[in-house]
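This report looks at a few annotated positions and asks where each one sits. Please view the sequence and the structure first.

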Amino acid sequence: MLGKRLISSKFINRFFSSKPSLGEKTGLYDFHVKNGGKIVNFGGFALPVQYSDQSIAASHVHTRTNASIFDVSHMLQTEIKGNKCTEYLESICTADLKALPSNSSTLTVFTNENGGILDDLIVTKITEEEFYVVSNAAMKQQDQQIMTEALKDFKTRNTNTDIELKFYQPKERGLIALQGPKAITALQRLTDANLSELYFMTSTIGKIGNVERCRITRCGYTGEDGFEISMPTQRQVELTELLLEQEDVKMAGLGARDSLRLEAGLCLYGSDIDQTTTPVEAALTWLVAKSRRQAADFPGANVILEHIKTGCGRKRVGITSHSGPPARHGSKILDENQKELGEVTSGCPGPSLGKNVAMGYVSTENSKVGTKVLLKIRDKLYEGVVTKMPFVPSRYYVKAKSNK
Amino acid sequence: MLVSRVFLDFSLLLNKTQAFKSVSRNRRRFIHLSTNWLADRRFTDKHEWIEVDGKVGTIGISHYAQEALGDVVYAQLPDPNTKVKQKDECGALESVKAASEIFSPVSGEIIAKNIEVEETPSLINSSCYEKGWLFKVELSDTAEVTKLMTEDQYKEFLRTNEEQQ
């Protein structure tokens, strides 16, 4: 028995070249290890939490002042092609995709019948008949199911549609994010795409180095200017190395990604929003497009529209504290009389701010910016204040508005 | 819901040890450092160390722990005159990515805390066995210490943990 077990475990070890609990590898796994990435199992994927050359705080600051590359290949990339695919995609989200110009992207949410958020995602409309969707790795199974079932449903109502879904696995297509004020210089040196015309939340196809047909979308999860680049996985190492050779570009991990997105006031699905929060509670009402409110034709529209009309009991807010430890997920938020208002959903020390940042839910009447609150951390109370998000100003590359 | 709690899991990492798996690098550094380690330093499975002089134990966190936690930005240490029992939670360390509770390796009364560490938490990273000590306890039962891991046992403990991952 013992002998047998030894042999089989050896066999398994040889078969899967890494420890199985490390998670699924992306195309950059070996590259991360070689470059000093501290690998952790993040939602089933083996990804670096940081690199040995920098602490998380230093990597965070480097991203805000220079540029960093993040491996985000674990996210679900989906291609949707066919006639009426605008209409199809609108059946499961809250965005006005009809009005969205070609080669433009938007943040949107999948909702359930109770108005709860099933995932948040970036949808890029390439043409009326082609969309590119990037959604959360943690919700991969669910999102595939949502899109597949919605398509079945849509096809029974629209027999003449030829929509097809293609879910890309990390071994087929890789995704990296190049983020920070120097991302533009680094990438422009390498690509034939004219990035000066590629504004925030627009997308194009370009050649980067020798890699043809990369999808370059000007977006990110840090609050900085930057790009997300999708490419065939077999070219991912080559492309990442090329970007990394550029001046002021470093690799960054999940640790910096989390503190950067928090300072930028961006939600982490599963922590800050989930199926029990509506877009209105989550302070994401702006994701429910006006035309869609009128049509009321998305899942959970009745609940969400009611929340918009009459308000809801709680709201996601930003909270900062200057002294004491950072409040983390689960810390209670109290009013000055120590009455409980809600809970923190994520928080950390803000490396570019020198104070603690958090987001959480409080009762709507206590959600006004400037409201003083108490944060209960390990049974001690610390002062905090409801603060406008983003905590750091966003620095997206947006088109200058014409004079009114 | 399940999976996306990953960042939460970071905060549990020091107590669960399996969260950080970067490892061959750590191990090498350990072996290298070990030549300087005092033979009488003892360790807990929560990665605290204790050095005992007479009835007074000085407590800190191990090199492995400080590296797993990353830059410590806040140290909440137990106040003098507090009575603690072995394994009591008595403080916490915070880095950008995680919060980690401190557990007392022994029973007794807190007689000092390292105020310099409260003011400059990075001392825990730069000097975890010397300037980065956390607090001192007057032991009520010195026998508790002998049951803690020796340096060799702790190294073995880390190695086994890594292999299980």
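Strands are DSSP runs of E with at least two residues, and they are numbered from the N terminus. The model discussed here is predicted.

In chain A, Glu228(A) is part of strand β13, which covers residues 226–232. An unreviewed UniProt entry gives Glu228(A) the annotation "binding site". Leaving aside residues up to four places away in sequence, Glu228(A) touches Val72(A), Leu175(A), Ala177(A), Thr217(A), Cys219(A) and Gly220(A).

In chain B, an unreviewed UniProt entry places the feature "domain: Lipoyl-binding" at residues 56–138. Over residues 56–138 of chain B, 19% of the chain is helix and 42% is strand.

Lys97(B) is found in the loop that joins β6 (89–95) to β7 (99–103) of chain B. Another loop of chain B, between α7 (143–146) and α8 (151–164), holds Thr150(B). Between the C-alpha atoms of Thr150(B) and Leu123(B) the separation is 24 Å, with the two residues 27 apart along the chain.

Which residues are buried, and which are partly exposed? A residue counts as buried if 20 or more other C-beta atoms lie within 10 Å of its own, as exposed if 12 or fewer do, and as partly exposed in between.

| Residue | Other C-beta atoms within 10 Å | Class |
|---|---|---|
| Glu228(A) | 25 C-beta atoms | buried |
| Thr150(B) | 14 C-beta atoms | partly exposed |

Conventions. Residues are numbered from 1 along each chain as its sequence is written. Chains are lettered from A and ligands numbered from 1 in the order in which they are written. This is a predicted model: local features need pLDDT of at least 70, side-chain atom pairs count only at pLDDT 80 or more; totals for chains, interfaces and linings use all residues. Helices (H or I, at least four residues) and strands (E, at least two) are DSSP runs, numbered from the N terminus. UniProt positions are given in the numbering used here, feature names are shortened, and annotations may be inferred rather than shown by experiment. Two residues are in contact if their C-beta atoms, placed from the backbone, lie within 7 Å.
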